[in-house]
Amino acid sequence: MFSADLRRRGFLLNTTALGATSALASLSSYAHAAAAKAGKPSSRMPVIFIGHGSPMNAIRENAFTRRLIDWGRALPRPTAILSISAHWLSSGATGVGIQEKPKTIHDFGGFPQALFDIEYPAPGHPAIAQEAASLVKQAKVIPTQEWGLDHGSWTVLKYLYPKADVPVFQMSIDYDKPAAFHYAVGRDLAALRDKGVLVLGSGNVVHNLRATDRGTPDGLRASRPWAQSFDDAVKAALLGRDDQALLNYGKLEGASIAVATPDHYYPFLYALGAASANERAQTIYEGFQSGTLSMRCLQFG
């Protein structure tokens with residue numbers, strides 16, 4: 001089911017985590033009562049998608065990271081954050097992290113030591129993580145103590161919530177499943193929004209590392225027509241909330257190169273699924289890094 005995956009993604013299933021299910025379920029009602037007493041948000045939280053790009057954004061000041069800082073100041077404070085990152089892929093099953101203190105995972109190589117020195121010590125939220133698992137009807141979600149917060153999560157959360165004082169937990173992407181599955185899981189998870197949970201998808205709408213133009217300055221337009229065409233097609237579909245077109249992304253112009261593998265596109269579908277049909281996407285940031293990486297960031301609600 002769960003296994004070490006390509007490019008350090010995935011995890012080894014710890015079956016002892018299953019024994020925690022009943023205990024965690026009993027914590028859920030207590031957690032919500034405590035949250036209400038503490039004045040946690042009761043209104044519906046938005047859903048967000050972030051094009052996270054290179055891990056180097058974690059140590060760079062640029063238009064993208066400055067926008068994340070401003071966005072974090074404008075967002076309501078969540079009870080917890082559920083992150084679906086392109087960098088936690090699983091096979092044949094979906095996992096959810098139930099750690100009290102999820103570790104900061106430096107799931108990359110060949111970068112400056114300054115990146116490996118970064119820690120994002122946000123607490124986890126086992127009770128809400130277990131509740132998230134119970135909401136998913138598409139397939140069984142398995143709680144696990146393994147994994148943690150990979151760079152798809154912490155490199156952006158360090159700007160949105162720099163104090164690392166909001167609980168965060170991740171859910172894996174079952175890479176064996178098609179686009180419609182991930183969209184449907186997002187729809188199941190939408191109920192968490194009414195309990196103060198911020199649902200975050202972290203990937204990139206256009207992501208093909210073999211077709212980047214490194215050294216190209218950040219800009220509003222892509223360096224290659226196929227990247228611009230696909231990003232424009234996604235933007236147009238979002239304007240009309242044509243979710244079917246976004247699910248059938250392979251038919252959009254430029255898709256064969258822009259989404260050569262869907263690992264970074266799938267997190268977008270979780271966010272889209274968690275958004276109500278009447279919620280239009282607000283474009284928080286758009287532009288390209290390394291020529292062809294779409295840094296498009298969106299908010300629903």
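Is K177 buried, partly exposed or exposed? K177 comes out partly exposed, because its relative accessibility is 26% (buried is under 20% relative accessible area, exposed over 50%, partly exposed in between, with a 1.4 Å probe and protein chains only). This is a predicted model, where local features need pLDDT of at least 70, side-chain atom pairs count only at pLDDT 80 or more, and totals for chains, interfaces and linings use all residues. Residues are numbered from 1 along each chain as its sequence is written, and side-chain values use heavy atoms, with hydrogens and water left out.

A search of the whole structure turns up twelve salt bridges, each a side-chain nitrogen of Lys or Arg within 4 Å of a carboxyl oxygen of Asp or Glu. Here are some of them:

| Salt bridge | Closest N to O |
|---|---|
| E131 and K195 | 2.3 Å |
| K177 and D174 | 2.9 Å |

D174, the partner of K177, counts as buried at 1% relative accessibility. Salt bridges with shared partners also link D231, K235, E286 and R296 into one network.

E131 is buried at 10%, while K195 is partly exposed at 37%. E131 sits in helix α4 and K195 in the loop between α6 and β8, so the pair ties together parts 64 residues apart in sequence. (Helices, H or I of at least four residues, and strands, E of at least two, are DSSP runs numbered from the N terminus.)

In α10 (residues 266-274), nine of its nine residues are buried, including Y266, F268 and Y270. The buried residues of α7 include W226, F230 and D231. Just after α7, R241 takes a positive phi of about 45°.
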